[in-house]
Amino acid sequence: QRKAVFGKSDDEIVAMAVDGIKILKNLTADFNGEVMFEYTPESFSQTSLEFAAAICNAVINEVKPSKEHKMIINLPNTMEACTPNIYADRVEWMCKHLNRRESVIVSVHPHNDRGTAVASAEMAVLAGADRVEGTLFGNGERAGNLDLVIFAFNIYSQGIDPKLSLSHIDEVKEFAERITGIATHIRHPYAGEMIFTAFSGGHQDAIKKGLDTHK
């Protein structure tokens, strides 16, 4: 992208990012409300970590976030080029090399081109990320973005509060299907129509005995 899309050198790309944030700061200077800046190094998953840190730190130095007024550095797994473990390693490295880390919200933006967006998000959070970006049921770019429904239920099952209300998932699913015109797969984790259906006799027997024991 630096060569083909922008046709600029590394230093010129960094300058372009800093100039962009300066424009945004000027445009929001008189805004009567709270502004939080977010910067995303496009194609983070294919960029050398040293350059990714350099351009992010240049933007951070221009924004000058504080603990009271933080900014977001959002790290995408572009085209899901990295396996979840490599993506998490890269996120961990960035967390250790970002300026003003205590004033920066490290966010991850997994794609699902390889079908491992949820795994990437979970491992990235374990590696130090503070925030995730995703969509309901993974609807989004190409093969989709991070499925927030699966991610939220997954971490909830491990005793971590996702800070989302999961009690009305059927109503949420109906609304999303009606608005987007995209049906949720019947075997979608946690929300599919078939998730409480057991066809194996052994499973049915165990479920019945489990329910009897619960009573």
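This is a predicted model: local features need pLDDT of at least 70, side-chain atom pairs count only at pLDDT 80 or more; totals for chains, interfaces and linings use all residues.
Colleague: What makes up the protein chain, in helices and strands?

Modeller: The chain has 7 helices and 4 strands. Along the sequence they follow the pattern α-β-α-β-α-β-α-β-α-α-α. The C-alpha trace spans about 65 × 40 × 35 Å along its principal axes, and buried residues make up 38% of the 215 residues.

Colleague: By what is the packing of two helices described?

Modeller: Two packed helices are described by the angle between their axes and by the distance between those axes.

Colleague: Why are H1 and H2 called roughly parallel?

Modeller: The axes of helix H1 (residues 10–28) and helix H2 (residues 49–63) cross at roughly 30° and come within 9 Å. Angles under 35 degrees count as roughly parallel, and H1 and H2 are therefore roughly parallel to each other. As for handedness, H1 passes H2 in a right-handed crossing.

Colleague: Which residues of H1 and H2 meet?

Modeller: On the H1 side they are Asp10, Ile13, Val14, Ala17, Val18, Ile21, Lys22 and Lys25, and on the H2 side Phe51, Ile55, Ala58, Val59, Glu62 and Val63. By class, this contact has 10 nonpolar, no polar and 4 charged residues.

Colleague: What makes H2 oblique to H3?

Modeller: H2 and helix H3 (residues 84–97) pack at an angle of about 45°, and their axes are 10 Å apart. An angle under 35 degrees would count as roughly parallel, and one of 65 to 115 as roughly perpendicular. The angle of about 45° belongs to the rest, which count as oblique, and that makes H2 oblique to H3. The crossing of H2 and H3 is right-handed.

Colleague: Which residues of H2 and H3 meet?

Modeller: Leu49, Glu50, Ala52, Ala53, Cys56 and Asn57 in H2 are in contact with Arg90, Trp93, Met94 and His97 in H3. The residues of this contact divide into 6 nonpolar, 2 polar and 2 charged.

Colleague: How do you know that helix H5 is mostly covered?

Modeller: A residue is buried when its relative accessible area is under 20%. In helix H5 (residues 148–157), 7 of its 10 residues are buried, and the helix is mostly covered. The buried residues are Val149, Ile150, Phe151, Ala152, Phe153, Asn154 and Ile155.

Colleague: Against which elements do the buried residues of H5 pack?

Modeller: They pack against helix H4 (117–126), strand S4 (131–132) and helix H6 (169–180).

Colleague: Is Leu126 buried or exposed, and how do you know?

Modeller: Leu126 lies in helix H4. Exposed means over 50% relative accessible area; at 75% relative accessibility, Leu126 therefore counts as exposed. Leu126 and Val91 are 35 residues apart in sequence, and their C-alpha atoms are 9.8 Å apart in space.

Terms used: Residues are numbered from 1 along each chain as its sequence is written. Side-chain values use heavy atoms; hydrogens and water are left out. Axes are lines fitted to C-alpha atoms, for helices over the stretch in contact, and angles run from 0 to 180 degrees between N-to-C directions. Helices (H or I, at least four residues) and strands (E, at least two) are DSSP runs, numbered from the N terminus. Angles under 35 degrees count as roughly parallel, over 145 as roughly antiparallel, 65 to 115 as roughly perpendicular and the rest as oblique. A crossing is left-handed if the near helix is turned anticlockwise from the far one by less than a right angle, and right-handed if clockwise. Contact means heavy atoms within 4.5 Å. Ala, Val, Leu, Ile, Met, Phe, Trp, Tyr, Cys and Pro count as nonpolar, Asp, Glu, Lys and Arg as charged, and the others, Gly among them, as polar. Buried means under 20% relative accessible area, exposed over 50%, partly exposed in between (1.4 Å probe, protein chains only).
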